[in-house]
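Please have the sequence and the structure open side by side as you read.

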Amino acid sequence: MSDVAAGLTIEEEGGRVILVPTGDWIVDTIARFASEIARIDHDIDPGRVSIDLSGIERIDTAGAYLLARPIHRARDGVTEQHFRGDHATARRLIQLVLEKAINSEPEVEDRRFGFIQAAGRIGAGLEAAWKEMIATFAFFGHAITSFASTSARPWRFRMTPIFAVMEVAGVNALPIIAVLSFFIGAVVAYMGANLLETFGASVFTVELVGIAVLREFGVLITAIMLAGRSDSAFTAAIGSMKMQQEIDAMRVLGIDPYEALVIPRIVACVIMAPLLTFAAMIAGIVGGLLVCWSALDISPQFFVTRIHDSVPIQNFWVGMSKAPVFGAIIAIIGCKQGLDVGGDVESLGRHVTASVVQSIFMVIIVDALFAMMYLELGI
Amino acid sequence: MSAVSAPLIEVRGLKTAFGTHVVHDGLNLEVRRGEIIGLVGGSGTGKSVLMNTMIGLKRPDAGEIFYNGRALGKMADSERARLESHWGVLFQGGALFSALTVRENVMAPMREHTDLPRSLMTELADMKIALTGLGPEAPSKFPSELSGGMRKRAGLARALALDPDVLFLDEPTAGLDPIGAAAFDSLIRELRDALGLTVFIVTHDLDTLFAICDRVAVLAEKRCVAVAPIDELLQNDHPWIREYFGGPRGRAAHQAREG
Ligand SMILES: Nc1ncnc2c1ncn2[C@@H]1O[C@H](COP(=O)(O)OP(=O)(O)O)[C@@H](O)[C@H]1O
Ligand SMILES: [Mg+2]
């Protein structure tokens, strides 16, 4: 391929401006002439412009477009007078580009920045957040009614997907949740050991570990892991089905997407969250027990007896009672975000992020509400 | 027009397989410089896989693809990149970038490979989009807002973005209305005549085959059972070819051209 350097000279002759392009006028070479051509297009009456084609070697549609620009606005169309010389294909390409293409001016984007725009954005953001909240509540309601109507006909529960989600979102998450909880239990015990020792009350580390893990940490770690691990998976799975129109196909085939996709995930999460929480509690207490044994010389037997005697069982029930609620919140937010995904990948990414952030946010808010409630109840 | 010239692309002894499922076995095909060659074959016979193998997206399990006599699999990266920048590819599903507007999709290869000023790039992109028959509202739309046929056109506009030497088109007229399909055919032919393009079209559109293809390759029994101008193919007595062109649609398209 001979890359003959492209050139452009401009001659004046008898009141006409003659463009003399030379060499290869192809997409790789024409960048240099863009401003020159734009100037001619702007300054010179298109009726007075001619193009001398004889010096052109190769030409493609990009080159033809650039050459056609100074003449495309000619009042009585592009005619013989606009061309000089001959070239095998240039004339034809220029005509092709002229007749099919140059018809629209590129639109100008509004790119102003300023105080009013900034305020406008904040307003739009707040409104979107408000609408999103209402939509989430509406989805919540829809999921509940859907669940109720399925419960009235329990054979409509789809067992296979329920068990599949229980395995993927629940059983497979067990190791990581147990390990995290183990370390949190150990950290709490170290902190307690350190602080309480200064009062000579290090034996209360046992109560500290027991209450903290049973009441809060077990269930919170489970919920946060579920949100990070399973929520993103729910949103991504349902969202890509939405992108491929699979959800529309389900509706048309008479399959209720709530019944087929949302309910199984909610049921599975509501069942698995307490079980995972229980495992997290055990792991957390074992973590605390090992630290007490190694750092405080509290023997395991003593640790277990003391937990048994001095940590009220309510703490366990408080922790467990929160688990199914968190499970439901997580599943509902994940499915809602999945069904909101639009046609493009970007929106899939956005909704996966939103799903994880919102569910962790909601879990913590609801946990605070629980704490207030149990405080009032004196439990 | 279709003077016999040296092969630009040569597929020799190609074998491709997914696991144990062999798609092609001992396939040979030549694409000549400046011709429009059609590829037909039943659904699932491996037309798209063949195209993807020819453009180097899938590695052959045996055999080799040659461009200008150079083996694709043995090229240095730089040579391969230079070759690829002269290709335009339209995938079966359009394969537009869903996060970009149609205009940005067409500009994407220009940004990557040229140093054109942005405003000219925009104008060129709009020109290519208009060339493929999309209206002036199309450039600022996102792919998810387009119909299937419009996506095909946008995909073609992107394939044409750098004025390639070789065009690979996978079922370009599927999903287009007959008027749009005919305009598509004439655009391809006009570009070929003006730019000397080589065009490889996978198609089931009998009108396209009759109207613009210099030669047609038939994919059956895991290989190309025939490659010939369409008039010769009509005389071929391979059972699948006879059924394909001898069926009611084949006859109608043939008569339309004769008449
Ligand atoms: N990614 C893949 N994995 C496994 N098999 C595939 C894959 N892509 C295609 N195939 C198989 O290869 C064969 C040819 O597919 P394809 O080339 O898409 O057919 P068509 O001729 O309709 O374009 C089909 O049998 C298909 O099942
Ligand atoms: Mg295909």
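Two strands pair if DSSP finds at least two bridges between them. Helices (H or I, at least four residues) and strands (E, at least two) are DSSP runs, numbered from the N terminus. With that in hand, Val216(B) stands opposite Ala228(B) in strand 10 of chain B.

This is a predicted model, in which local features need pLDDT of at least 70 and side-chain atom pairs count only at pLDDT 80 or more, while totals for chains, interfaces and linings use all residues. Residues are numbered from 1 along each chain as its sequence is written, chains are lettered from A and ligands numbered from 1 in the order in which they are written, and side-chain values use heavy atoms, with hydrogens and water left out.

Chain B holds an open sheet of six strands in the order 6-7-8-3-9-10, with mixed pairing. Strand 6 (87-90) and strand 10 (223-228) of chain B each have a single partner strand, so one side of each is left without a neighbour in the sheet. An open sheet of four strands in chain B has the order 2-1-4-5, with antiparallel pairing. Its edge strands are strand 2 (21-32) and strand 5 (70-71) of chain B, each pairing on one side only.

Helix 9 (239-246) of chain B lies across strand 3 (36-41), strand 9 and strand 10 of chain B, at about 105 degrees to strand 3. Helix 1 (47-54) of chain B lies across strand 1, strand 2 and strand 4 (62-67) of chain B, running at about 120 degrees to strand 1. Contact here means heavy atoms within 4.5 Å; axes are lines fitted to C-alpha atoms, for helices over the stretch in contact, and angles run from 0 to 180 degrees between N-to-C directions.

How many residues does each chain bring to the contact? Chain B gives 30 residues and chain A gives 27 residues. Between chain B and chain A there are two salt bridges (a side-chain nitrogen of Lys or Arg within 4 Å of a carboxyl oxygen of Asp or Glu). Asp193(B) forms a salt bridge with Arg92(A), with the closest N and O atoms 3.6 Å apart.
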